[in-house]
Amino acid sequence: MRAGTVALVLLVATGCGGGAGAGSSTGKVTSITALDYYTDESEHAQWGELLTACGKTAGVRVEHTSVPGASLVPKVLRQASSRTLPDLLMLDNPDMQQIAQTGALTPLDQYGIDSGGFANGILSAGTYKGKVYGLAPNVSTVTLFYNKDMLSKAGVAVPRTWDELKSAAAKLTLPGRYGMAVDANATFEGSWQFLPFLWSNGGDEKQLDTPQAAQALRLWVDLVKSGSMSKSVLNWTQADVHDQFVAGRTAMMINGPWRIPDLDKAKNLDWAVAPIPVPRMGQTPVTPLGGEVWTVPQSASKARQEKAAQVLACLNDSTNMLALAKQHFTVPSRTAVAAQYAEQVPSMAPFVKSVDAARARTSELGVKWPKAATGIYTAIQSALTGEQTPEEALQHAQQIATGS
C-alpha cells in the first residue's frame, strides 16, 4: 500500500465474462492471467516469481501484467463492462468494496480458501456485505520515525502523547530543521496520514464535524503555527517527507515501513520507530491498514476461476506471507505469522503491534469512503493554510462526505 487510492466512478457490470488466455469453460486450463499495479521493476519481478511458483503449484502458467496504480481501477472497470477481466486481480484494499459492488468479483468461500488466522481489520478490508472477496498476504500501516541522534542531543524522549509530541517537536526545531513532518497534501495520502490522529482521539469518518475530529486537526495546525512543522507539508508526499528526514531537515516523521530499505542505505542516519503519539497516556494508537487484496473476478470459465483461486490461496499461505514480508518490509496478515516476523525482524515490531489495532478505511463507510477521504484532505488544506478554523473546515468536510 502506498496509502493512496483513487476515487472511483462506479459502473455496474453484469455477467462478466472470462479473461484472455488459454483454456475454456470446458477445456483444460493451462494458463491464467493476473493483473496488479506493481510496476516498479524489482517489485514486479519479485511478484512475478511468486506468481510463477504458485502457478506451478496449481498446474498453470501465470501471465502477469502490471499497470500504474492510477490506471488500475479505470482499466478494471473497462474490462468488467467488456467482460475481459483477468483471472486473478489485485486491488488496493479501499477499492475492493467498490469493485465488488459492481458484481465483478466472486466470494472466496466458494473455493474453500482458508481465511482463518487473519487479523480482524485485515479480513474486514477484503469483505463486502458479509462475504470475503479479497485476501491480502501482507499489509502495512504508519508509525513515528525519529532520528535517534537528534533526540539524544536535544535531550528529548520519544514522544508518546500529543502534548509530548508538541513539546518534542518544538525542542527539536532549529534553523534549517523542523521537529516534525507529515504528508498533508490534497490527496488520499494526506487523509491516510491524518487517520491515526482522528481515530485515536475517538473521531469518526461517519461524522467529521465533531470536537474529537477538530482536536486532532488542531494538533496539526498548532505544529505548523508554532513553526515545529513546515507549512510545505501541504504539498509533500510521503516520499517527500522521507527525503526531508534523510536529509536531516526534520527530526521526526509519520511514514510507512516501505521506507525502511532506503533508510537503511542512508549514511550516518541512526533512526528508529515508535507508535504514533496518542491523545492521552496509555492509549493504543488506531492506524489505517494499507495493502493490496487479491481477488478472483467473475468468469465464464469456472475452471479458470478455480485455478485462480488456487494461486490466490498459495499467495496467502503462511510461508509466502513471511517471505513477502521480508522482501517488502510489510506485515504478514495472519496474526501468528506476524508475531514470528516481529521476532525475526525487530525493526518491524512496532508496525506489527500497530496492525493489531489497525482499521480498514472502508470498515465504516464501505463504498462511500472516497467522499469522506476527499472531505478530510480538503479540511486539512483549509485549516493548515489558515483559511478556516478546524471546526469550519470539518463542517465543510462533512458536507463533501455526505454530498450535501
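Trainee: What is the strand order of the open sheet of five strands, and which kind of pairing does it have?

Mentor: Strands of a sheet pair through backbone hydrogen bonds, either parallel or antiparallel. In this predicted model, the order is E2-E1-E3-E12-E6, and the pairing is mixed. Strand E2 (61–66) and strand E6 (134–135) stand at the edges with a single partner strand each, so one side of each has no neighbour in the sheet.

Trainee: How many bridges join strand E1 to E2, and do the two run parallel or antiparallel?

Mentor: E1 (residues 31–36) and E2 run parallel and are joined by six bridges.

Trainee: Which strands does helix H1 lie across?

Mentor: Helix H1 (residues 41–58) lies across E1, E2, strand E3 (88–92) and strand E12 (292–295), and its direction is at about 160° to E2. Helix H2 (residues 69–82) lies across E1 and E3, at about 140° to E1.

Trainee: Strand E10 next. How many of its residues are buried?

Mentor: Six of the six residues of E10 are buried, so the strand is largely enclosed by the rest of the structure.

Trainee: How does E10 run relative to E8, parallel or antiparallel, and how relative to E9?

Mentor: E8 and E10 run antiparallel, with four bridges between them. E9 and E10 run parallel, with three bridges. For residue pairs, Thr143 has Asn255 as its bridge partner in E10, and Tyr178 has Thr250.

Trainee: Which residues of helix H9 are buried?

Mentor: In H9 (residues 238–246), the buried residues are Gln238, Val241, His242, Gln244 and Phe245. Viewed down the axis of H9, they fall within an arc of 160°, so they line one face of the helix.

Trainee: What covers the buried residues of H9?

Mentor: The cover includes strands E8 (143–147), E9 (178–181), E10 (250–255) and E11 (271–274), along with helices H7 (188–200) and H10 (260–265).

Trainee: What is found at the start of H9, and what just after H9?

Mentor: At the start, a side-chain oxygen of Thr237 comes to within 3.3 Å of the backbone nitrogen of Ala239. Just after H9, Gly248 has a positive phi of about 80°.

Trainee: Where is Phe118 found, and is Phe118 buried or exposed?

Mentor: Phe118 is in the loop between helix H3 (93–101) and helix H4 (120–125). Phe118 counts as buried because its relative accessible area is 7%, and the cut-off for buried is under 20%. Beyond four places in sequence, the residues Phe118 touches include Leu123, Leu135, Met321 and Arg334. Leu135 is 17 residues from Phe118 along the chain, with 9.1 Å between their C-alpha atoms.

Trainee: Where does pLDDT stay under 50?

Mentor: Where pLDDT is low, the predicted coordinates should not be read in detail. Here pLDDT stays under 50 over residues 1–26, for which the model has 85 contacts beyond four places in sequence. The protein chain averages a pLDDT of 91, and 93% of the residues score at least 70.

Definitions and conventions. Residues numbered from 1 in each chain as written. Heavy atoms only, no water. Buried < 20%, exposed > 50% of the residue type's maximum accessible area, 1.4 Å probe, protein only. Arc of directions from axis to C-beta. Contact = heavy atoms within 4.5 Å. Polar contact = N/O pair within 3.5 Å; in protein donor to acceptor, adjacent residues only side chain to side chain. Pairing = 2+ DSSP bridges. Axes fitted to C-alpha atoms, helices over the stretch in contact; angles between N-to-C directions. pLDDT = per-residue confidence, 0-100.
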